[in-house]
Structures are given as C-alpha cells and as structure tokens.
Amino acid sequence: MALHKQSKRKGIKRSVDMNPPAAESALPTWTRPPPEEWAPPDVYTIAPDGADPSRERVKLRIVSDVDRRFMVEFALVQQTFFRQRWRDVVEVDTCHDVDVHMHRFARSTGARVGDPLSLRPILSLSDVQIAYDVAYDAVFEKWEDNRRRWHDA
C-alpha cells in the first residue's frame with residue numbers, strides 16, 4: 001500500500017533525525033598575537049650533540065612577544081651538507097596555529113614529501129613552549145634517524 005504524498009511529508013516531519021550532528025571542531029582553536037606585538041625573530045645555527053658541525057646543523061627561528069615573556073612561533077630546520085651545499089632534512093614548525101608538525105624532505109628532489117606529521121596540538125599560547133620542547137626532541141634527539149631516513153629515501 002503506497003502512502004499519499006501528504007502522509008509522507010507528515011511522517012518525515014515527525015520522524016526523529018538519526019543523522020549525526022554536524023561536525024564541530026574537536027579542539028578549540030587559538031590565534032597568535034598580531035605581528036605588531038612580536039619582537040624581531042632570534043635566529044641561531046647549532047650543531048646537534050655528537051654531530052660534525054661541518055656536516056650537520058639545525059637552523060632555529062624563534063619569535064617572541066615584544067616583552068619577550070612568551071614564545072609566539074618557531075621553526076627548526078635540520079640540514080646536512082651534501083654535494084657541496086646544505087640540504088633540508090626535516091623542518092618542525094608552528095606555522096598554522098593548530099599544531100607543531102614535521103615536514104620531511106627528499107634527498108633526490110629537495111622537496112617536501114608526504115603529509116606533515118603532527119607532533120602535538122597547540123590550544124593556547126602556553127602550549128607553544130611545550131610544543132617547542134617536543135620539536136626540539138624530534139630534531140636534536142633524533143637527528144641521526146632523520147638524516148638516515150633522508151639519505152635512504
């Protein structure tokens with residue numbers, strides 16, 4: 001027995017919506033202070049412990065607020081000297097206000113390969129310092145593994 005069009009509409013109106021709720025962001029987002037509140041970036045070049053400084057290095061860029069009370073963003077780029085120039089191996093940064101993540105590079109092309117690997121979410125300004133500690137370990141503590149992966153890729 002077929003239902004009349006009006007009966008179908010009434011049934012639809014009275015039925016319970018079984019669809020899942022619209023996807024909402026699982027984590028709250030934050031935004032860094034505007035650039036006019038940033039101090040000039042600090043840039044360093046450091047060799048990892050146990051590495052030959054003429055062959056391995058890490059470039060750091062750290063941006064703090066004007067009063068230098070807290071870190072706003074950072075980037076760590078591990079590099080290796082190969083075929084007469086410095087090549088990027090991995091880069092860990094906070095450039096998207098969402099997380100600290102690692103980009104990997106290919107030896108053959110020098111281009112980023114694969115999707116960034118998220119290391120830790122950033123939910124507030126205080127999380128940036130914690131994320132820096134995670135990034136530091138991912139680069140300085142694992143520089144040999146990173147270089148081996150890059151060299152074998």
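How many Å should the 17 residues of helix α2 span, and how far apart are its end C-alpha atoms? The views below are of a predicted model, in which local features need pLDDT of at least 70 and side-chain atom pairs count only at pLDDT 80 or more, while totals for chains, interfaces and linings use all residues. Residues are numbered from 1 along each chain as its sequence is written, and side-chain values use heavy atoms, with hydrogens and water left out.

**View 1. Helix α2, residues 125-141.** At 1.5 Å a residue, helix α2 should span 24 Å, and its end C-alpha atoms are 24 Å apart, which agrees. The expected span is 1.5 Å times one less than the number of residues. Helices (H or I, at least four residues) and strands (E, at least two) are DSSP runs, numbered from the N terminus. Buried residues in α2 include Val128, Ala131, Tyr132 and Ala135. Buried means under 20% relative accessible area, exposed over 50%, and partly exposed in between (1.4 Å probe, protein chains only). An α-helix has 3.6 residues a turn, so residues three or four places apart point the same way.

**View 2. The salt bridge between Arg120 and Asp127.** The closest N and O atoms of this pair are 3.9 Å apart. A salt bridge is a side-chain nitrogen of Lys or Arg within 4 Å of a carboxyl oxygen of Asp or Glu. Asp127 counts as buried at 12% relative accessibility, whereas Arg120 is partly exposed at 25%.

**View 3. The salt bridge between Glu56 and Arg147.** Here the closest N and O atoms lie 2.7 Å apart. The pair links distant parts of the chain, with Glu56 in strand β2 (residues 56-64) and Arg147 in helix α3 (residues 143-152), 91 residues apart. Glu56 is buried, with a relative accessible area of 6%, and Arg147 is partly exposed at 24%.

**View 4. His103 in strand β5, residues 99-105.** His103 is buried, its relative accessible area being 6%. Its side chain makes a polar contact of 3.2 Å with that of His101. A polar contact is a pair of N or O atoms within 3.5 Å; within protein, one must be able to donate a hydrogen and the other to accept it, and residues adjacent in sequence count only if both atoms are side-chain atoms. Leaving aside neighbours within four places in sequence, His103 is in contact (heavy atoms within 4.5 Å) with residues including Val89, Glu91 and Arg112.
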